Amino acid sequence: MNSERLSPRLNRVAQLIGQYGPQPIRLADIGSDHAYLPCNLKLNETISYAIAGEVVEGPFQSAVKEVNQQGFSNVIDVRKGDGLEVVTPEDNINTISICGMGGALIRTILEAGLHLLTNNTIVVLQANIAEPQLRTWLSKHHFIIRDEDIIEDNSRYYEIIVAEYLPSQQQVLSKKQRLFGPVNLRQPDATYIAKWQQELHSQEKVYASMKAGLEDANHPKLVEIEKHLQLIREELARVEKTN
């Protein structure tokens, strides 16, 4: 992967930034690593300005090197810092991308920097785990989920969430919507089905292993996994019936 050729998941993130970011797009890419995403977006003239934020020294230096090599130091500002602390109100950021982290960490980053967000700020989030918890947080903090996608990349499935910050509104999500995603539920595709078939397989193994090690068949953990499995089975049955 490089600035000219992104991984499938980052390529989809780039597409969604271009589709939903307010024009002209002023991006803050948090946890930017090598700054491949903002450099790619500038190469394709998708963004007018970007901050590449990185808290770790090694990736920070890699991002500085990549931006300089691409000749973008005048439009991509590489800053070292934790989360959204690299952003100031004067930057006029209207789009934020946070990719490749756990949902809990993404939630923490957004919560700490919530005061920096303005009305209609777009966030494009790719969480590796804990997507339902992230959706729960978004719904409680006045974000409206505009789009979602699931991308297969190197034999793993990654969920991407696009949300808009609207302080005057609130999106109430059901348990099912928090788990599967409100947009995903409306437009399930083959990748969506494959992801949840894999998740069902994985959770069935966890359940069998846990059940073998517990004497109490009504242990709260077992009951919780049973309910989770039932939701997945019902959703797969619904999708298979409609297709």
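Helix α1, residues 8–20, lies across β1 (26–30), β4 (95–101), β5 (122–127), β6 and β7. Its direction runs at about 150 degrees to that of β6. Helices here are DSSP runs of H or I with at least four residues, strands are runs of E with at least two, and both are numbered from the N terminus. Axes are lines fitted to C-alpha atoms, for helices over the stretch in contact, and angles run from 0 to 180 degrees between N-to-C directions. Helix α2, residues 36–43, also packs on the sheet, touching β1, β2 (49–54), β3 and β4, and makes about 155 degrees with β1. Touching, or contact, means heavy atoms within 4.5 Å.

Before going on, the provenance. This is a predicted model, in which local features need pLDDT of at least 70 and side-chain atom pairs count only at pLDDT 80 or more, while totals for chains, interfaces and linings use all residues. Residues are numbered from 1 along each chain as its sequence is written, and side-chain values use heavy atoms, with hydrogens and water left out.

Now the sheet. Seven strands form an open, mixed sheet in the order β3-β2-β1-β4-β5-β7-β6. Two strands pair if DSSP finds at least two bridges between them. β3 (76–80) and β6 (143–153) are the edge strands, each pairing on one side only. From one strand to the next the twist averages 15 degrees.

Two of the pairings in detail. β6 and β7 (residues 156–165) run antiparallel and are joined by ten bridges; D147 has V162 in β7 as its bridge partner. β4 and β5 pair in the parallel sense over six bridges, and there T95 has I122 in β5 as its partner.

How much of β5 is buried? Six of its six residues are. Buried means under 20% relative accessible area, exposed over 50%, and partly exposed in between, with a 1.4 Å probe and protein chains only. I122, V124 and Q126 point one way from the strand, and V123, L125 and A127 the other way.

Next, the helix pairs. α1 and α2 pack at about 50 degrees, with axes 10 Å apart. They are therefore oblique to each other; under 35 degrees counts as roughly parallel, over 145 as roughly antiparallel, 65 to 115 as roughly perpendicular, and the rest as oblique. The crossing of α1 past α2 is right-handed. A crossing is left-handed if the near helix is turned anticlockwise from the far one by less than a right angle, and right-handed if clockwise. On the α1 side the contact has L10, V13, A14 and I17; on the α2 side, L37, N40 and L41. Those residues divide into six nonpolar, one polar and no charged. Nonpolar covers Ala, Val, Leu, Ile, Met, Phe, Trp, Tyr, Cys and Pro; charged covers Asp, Glu, Lys and Arg; the others, Gly among them, are polar.

α8 and α9 (residues 220–242) pack at about 155 degrees, also with axes 10 Å apart. That makes α8 roughly antiparallel to α9, and the crossing is left-handed. The residues of this contact divide into 13 nonpolar, three polar and eight charged.

Not counting residues up to four places away in sequence, Q203 touches I225, H228 and L229.

Last, P59, in helix α3 (residues 57–70). Leaving aside neighbours within four places in sequence, P59 contacts D33 and E54.
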